[in-house]
Amino acid sequence: MTAFLDIDLGAIADNWRFLAGLNQGETAAVVKADAYGLGAAQVAPVLAEAGCKTFFTAHLAEAVALRPLLPGARILALNGLEPHAAADFIAHDIMPVLCSLEEIALWRAAAVRLERRLPAFLHLETGLNRLALPAQACAALRDDRALLEGIAVDTVMTHLIAGEAPEDERNQRQLAAFLAMVAAFPGAKRSIANSPGSFLGADFHFDLTRPGAALYGLNTSPAQPRPMLPVVRLSAPILQIRDLAPGESVGYGGLWTAQRPSRIATLGVGYADGLHRTHTNRGTAIFDDTPVPLVGRVSMDLVTFDVTDVPANPGDMLVLLDTRHGADELAQEAGTIGYEILTSLGRRYKRRYIGA
Ligand SMILES: *Cc1c(COP(=O)(O)O)cnc(C)c1O
């Protein structure tokens, strides 16, 4: 019996159009991690069709895989330029997001070798402190133009720490730091907003926004109502129903014990399929219109629900994700975020792409 993951490509395209309508500048699409687990090869061409012209992956290999599917689009790899990778970037027409003076030197050397200008984004550090050019490096680039010789700096970008909290003062601090740093790159376009940043207002939009999660229906600004269309529906059949007497337990460790005569439904879905072990005794599925609680440990390939109060039978479907109970809600039950739910869905569902 099969569990189904239905992915609504039309809703993803509509979400992109909605985000594109929020700002005056360009709206890109972040399709890293296989489009947040939903299938970059299916998602990216649909977004290109909707009008998206710039795509971000994390790794070069992800970008290379998309190149034949996105003729004419710009594809960038966020994680930077590794030593010896310049030739592959050039061969596949992928633009790097340069994150250090060393990477800039590698790209410059490639430009000098080829005797042509090579385009790039520069990632500027404004507080996240992962991969980006700190203020001293920006000053060095400002003071010694030869460091960027042969590099056409298309866009300077930074990334928000806490965009999901509009009132968090770090957003304004990062904006101010960014504006101070970009002065060193006259003529370059500017980009700061991811999905939550797209909802922070026009000050954060600049020339290019970079939404990912919102395209896939996640609510990245929890204080606001979710404006995005839901994108995924996940349903799995009941393999067996077990009658338990009071005192009998379910699953590894016996972490749930029946307090009353109980009917326990087992689904062939586990933590290898994007449920989390922290869903143990905490998740929810839906039978018809009624929520049923996850009981016992989530194991790798199986999970159990208490269906005592609903007329469920083996073969009936329980819904794990849909418009009523989305990835944000399932994530909350596990103490994580919708991003992690989507990127953990794995490869074992029967995927059905609809709405394209
Ligand atoms: C992942 C990522 C994004 C997209 O973030 P969402 O919150 O999913 O919209 C944008 N910019 C950078 C640099 C990223 O790493």
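Mentor: Welcome! Helices (H or I, at least four residues) and strands (E, at least two) are DSSP runs, numbered from the N terminus. This is a predicted model, in which local features need pLDDT of at least 70 and side-chain atom pairs count only at pLDDT 80 or more, while totals for chains, interfaces and linings use all residues. Residues are numbered from 1 along each chain as its sequence is written, and side-chain values use heavy atoms, with hydrogens and water left out.

Trainee: Thanks! How many helices and strands are there in the protein?

Mentor: The C-alpha atoms of the protein fill a box of roughly 80 × 40 × 35 Å along the principal axes. By the DSSP runs, the protein has 11 helices and 19 strands.

Trainee: What percentage of the residues is buried?

Mentor: Buried means under 20% relative accessible area, exposed over 50%, and partly exposed in between (1.4 Å probe, protein chains only). Of the 356 residues in the protein, the buried share is 53%.

Trainee: Where is H325 found, and is H325 buried or exposed?

Mentor: H325 is in the loop between strand 18 (317–321) and helix 10 (327–334). Its relative accessibility is 6%. Because that value is under the 20% limit, H325 counts as buried.

Trainee: Which side chain makes a polar contact with the side chain of H325?

Mentor: A polar contact is a pair of N or O atoms within 3.5 Å; within protein, one must be able to donate a hydrogen and the other to accept it, and residues adjacent in sequence count only if both atoms are side-chain atoms. The side chain of H325 reaches the backbone oxygen of L320 at 3.0 Å. The side-chain partner, also at 3.0 Å, is E333.

Trainee: Let's move to A44. Which residues does A44 touch, not counting those up to four places away in sequence?

Mentor: A44 sits in helix 3 (residues 40–50), and at 0% relative accessibility A44 counts as buried. Contact means heavy atoms within 4.5 Å. Leaving out residues up to four places away in sequence, A44 touches F55, L66 and L70.

Trainee: How do helix 1 and helix 3 lie to each other?

Mentor: The axes, which are lines fitted to C-alpha atoms over the stretch in contact, with angles from 0 to 180 degrees between N-to-C directions, come within 9 Å and cross at roughly 45° for helix 1 (residues 9–22) and helix 3. Angles under 35 degrees count as roughly parallel, over 145 as roughly antiparallel, 65 to 115 as roughly perpendicular and the rest as oblique. Helix 1 and helix 3 are therefore oblique.

Trainee: Which residues of helix 3 make the contact with helix 1?

Mentor: From helix 1, the contact uses L9, I12, A13, W16 and R17. From helix 3, the residues are Q42, V43, V46, L47 and A50.

Trainee: What is the phi of E115?

Mentor: Most residues other than glycine have a negative phi. E115 lies in the loop between helix 6 (101–114) and strand 7 (118–123), and at 73% relative accessibility E115 counts as exposed. Its phi is positive, near 55°.

Trainee: And where is N129 found?

Mentor: N129 is not a glycine, yet its phi is positive, about 55°. At 62% relative accessibility, N129 counts as exposed. N129 is in the loop between strand 7 and helix 7 (135–143).
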